[in-house]
Amino acid sequence: MALLTGGALNGGGAYAAPTPSPGGHGSGHGDDGPGHDGRGGGGNDGKGGSGRSPSPAATTATATASQGAGHGPAATASAISGASARRPGPPPAGLVLQPADGAAVGIPTAQGLQQALAGVLRDSSLGTVTFAVADATSGQLLYGSGENTAATPASTTKLATSVAALALIPADTRIATRVVRGAGAGDITLVGGGDPTLSALPAGQVEIGGVAADADTAPASLDSLARQTAAALKAAGTTSVRLGYDTSLYSGTDRHANYDAANIPLMTALMVDEGRVDPRSREDAPARVADPAGAAAEQFAALLRAQGVAVEGRATQLTAGQPAGAVLGEVESPTVARLVERLLTTSDNTLAEAIARQVALAAHRPAGFEGAASAVTQTLTGLGVQLPGVVLNDGSGLHPGNAIPPSVLVHLLGLAASPDHPELRPVLTGLPIAGFTGTLGKRYGAGSGAGDAAGVVRAKTGSLSGVNTLAGTVVDADGRLLSFAVMTRTTAPADNARAAMDRIAARLAACGCR
């Protein structure tokens, strides 16, 4: 195969390894465990967790250290598999080390990388493989094959969505769900703001990726919204209402091209617990309700009744443009930074599509699949990312028609590591840690051939039928931070292809490659 032996990253410009900044927490579970890249013939990465923090920008190193301190669901001891007891804890991944004598760490050479990766790249489980390896300090593309050829990214699409979101939306932004007075006396309206993590579960029962939510990761509460609304109504002497609900924030079709009522629900601006039939489900692709907005409104009505406010009949969906009165209640999601971490760690398709729509709104585009994809593309172009061959049809990567070259993925990771873009740091802190968290929690185990890289590799996974991808960062044996992307199309079993990709990342971790 044709191999690239050095050169500048597509898009140009250097970026540097992350420097410490305060805050930041990782979160979640996913891919080959809870929330994996889907099942059957077209699933993608599944469910996830969220977080809340006043200081969203953080380096990979500080975030990993925070996880060890118990911040975020993926950071808690219960989030780490039993195998981790036999491994050292994850190091501060992303930290660029220096030799004892203080000399600068050398950059891997193309020849060194070629020698180190030759064997693992010949694994037949990979099928057709394209890849890129870059130095995150300089931005130099060190080695690759087909690095500028667009391939199906699957859930590594979420890197593009996340970078665009953090570039365009202030990281401390929260998504509000409100109840307002309606047009007529006794009318109230539940207004969807696009927060799919809004939960009807009692606070103590909320789990994110199988881990109990904490103060940073807890989603907004539908019960709290009902209590606020009931108190405001009673204070005004109102004890009986007619409930309407407004989903007009989103536009276009609510049905994803790969909709299966499992890997993703109908995308609407109002839903509760991501539209799951069972909000406590830990299934990789749980059953979703047929009408997420209507179901959310009925749940809210039941909670109002429990607070002593009568609700006449069934909730009614309202048309756009109806006048809204005073706010009766409001709850807010975790910050966008924490939501980005959640969607990356757990590969949450629903949340990724919701965040993509927030990008569209911020870019003054229609908040639908097409408008979101256009807004993400526009934002990345504004960051200086050249996008030859890039095709985006969604924000999650569920669409099989998406196309991204490996060089673009490593460029996005490099931007997230750059001191020029501290606002993008949650892209790094949200990457799953090999063998410990999220969609890599059950990979890089003993016997995989990649076990030595557990805790060292951080990467976003992707999987569709016949497609497996991996893009992330790794600290090599000399302490150099590298970014990489591996994209495959194969008829081999998905587990075999994933293990082969993991061994590629493990070889990067093991070599200085000079």
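**Close-up views of a predicted model**

**View 1. Helices α7 and α8 are roughly perpendicular to each other (an angle of 65 to 115 degrees, on a scale from 0 to 180 degrees between N-to-C directions).** The axes of α7 (residues 349–362) and α8 (residues 369–382), which are lines fitted to C-alpha atoms over the stretch in contact, come within 8 Å and cross at roughly 70°. Contact, meaning heavy atoms within 4.5 Å, involves Glu353, Ala356, Arg357, Val359 and Ala360 of α7 together with Phe369, Gly371, Ala372, Ala375, Val376 and Thr379 of α8. By class, this contact of α7 with α8 comprises seven nonpolar, two polar and two charged residues.

**View 2. Alanine 261 has a positive phi of about 60° although it is not a glycine.** Alanine 261 lies in the loop between β8 (240–246) and α5 (292–306), and it is partly exposed, with a relative accessible area of 25% (partly exposed lies between buried, under 20%, and exposed, over 50%, with a 1.4 Å probe and protein chains only).

**View 3. Glutamate 274, a residue other than glycine, has a positive phi near 55°.** Glutamate 274 is found in the loop between β8 and α5, where it is buried, with a relative accessible area of 0%.

**View 4. The protein averages a pLDDT of 83, and 79% of the residues score at least 70 (pLDDT is the predictor's confidence in each residue, from 0 to 100).** Over residues 1–103 the pLDDT is below 50, although this stretch has 357 contacts in the model beyond near neighbours in sequence. Where pLDDT is low, the predicted coordinates should not be read in detail.

**Notes.** Residues are numbered from 1 along each chain as its sequence is written, and side-chain values use heavy atoms, leaving out hydrogens and water. In this predicted model, local features need pLDDT of at least 70 and side-chain atom pairs count only at pLDDT 80 or more, whereas totals for chains, interfaces and linings use all residues.

How values were computed. Helices (H or I, at least four residues) and strands (E, at least two) are DSSP runs, numbered from the N terminus. Angles under 35 degrees count as roughly parallel, over 145 as roughly antiparallel, 65 to 115 as roughly perpendicular and the rest as oblique. Ala, Val, Leu, Ile, Met, Phe, Trp, Tyr, Cys and Pro count as nonpolar, Asp, Glu, Lys and Arg as charged, and the others, Gly among them, as polar.
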